[in-house]
Amino acid sequence: MKTPSAAEEPRWLTEEEQRTWLAYVHGTTLLDDHLDRQLQRDAGMPHLYYHLLVVLSGEPQRRLRMTELAMHTKITRSRLSHAIARLEKNGWVRREDCPSDKRGQFAVLTDGGFEVLEKSAPGHVAAVRQALFDRLSPEQQKTLGEIMGIIAEGLQPKEAGADLPWLR
């Protein structure tokens, strides 16, 4: 993506683009807050922690290398390390050293973490359904998925040296 030089005039958003952008910002901000409050209230954890538990629960032996977990969740390694430390404190995750790489570690979902996930999943799914899917037609849901896929793909360049959160 080309950044305008000082001599170039910025490509300002049209009125319609501005409306769309603000609707996106408002909608995603409110959705993130809604889901975070629901999980804090019902499970005592923020949405990010819940997402980490979900990702680990879907992996063989409920474990994943920390670098891969950062990539799956699209967060920095520092933020992941902090979150895993909190989850360890709760007994929901533990770290294991990687036998093939002295610097590497695995995050492992404990039985206690899996139980918390099982208990909190129905309420979370209900909140997602109520806040998002129940408001959209099947066609709108498909379109939203396609649009978000295009955006995510465009923000994850494949070339070496890309500035992606999990590489920081």
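This is a short talk about the salt bridges in this structure.

What we have here is a predicted model, where local features need pLDDT of at least 70 and side-chain atom pairs count only at pLDDT 80 or more, while totals for chains, interfaces and linings use all residues. Residues are numbered from 1 along each chain as its sequence is written, and side-chain values use heavy atoms, with hydrogens and water left out.

Side chains of opposite charge can pair when their charged atoms come close. I'm calling it a salt bridge when a side-chain nitrogen of Lys or Arg lies within 4 Å of a carboxyl oxygen of Asp or Glu. How many salt bridges does that rule give? Ten.

Let's start with Arg63 and Glu96, whose closest N and O atoms are 3.0 Å apart. This pair links distant parts of the chain, 33 residues apart: Arg63 sits in strand S1 (residues 63–65) and Glu96 in strand S2 (residues 93–98). Strands here are DSSP runs of E, at least two residues, and helices are runs of H or I, at least four, numbered from the N terminus.

Buried or exposed? Here buried means under 20% relative accessible area, exposed over 50%, and partly exposed in between, with a 1.4 Å probe and protein chains only. Arg63 is partly exposed at 23%, and Glu96 is partly exposed at 22%.

Next up, Glu146 and Lys142 form a salt bridge at 3.4 Å, N to O. They are four residues apart in helix H6 (residues 138–154), so about one helical turn separates them. Lys142 is exposed at 57%, and Glu146 partly exposed at 43%.

Last, Glu15, Glu16 and Arg19 are linked in a salt-bridge network.
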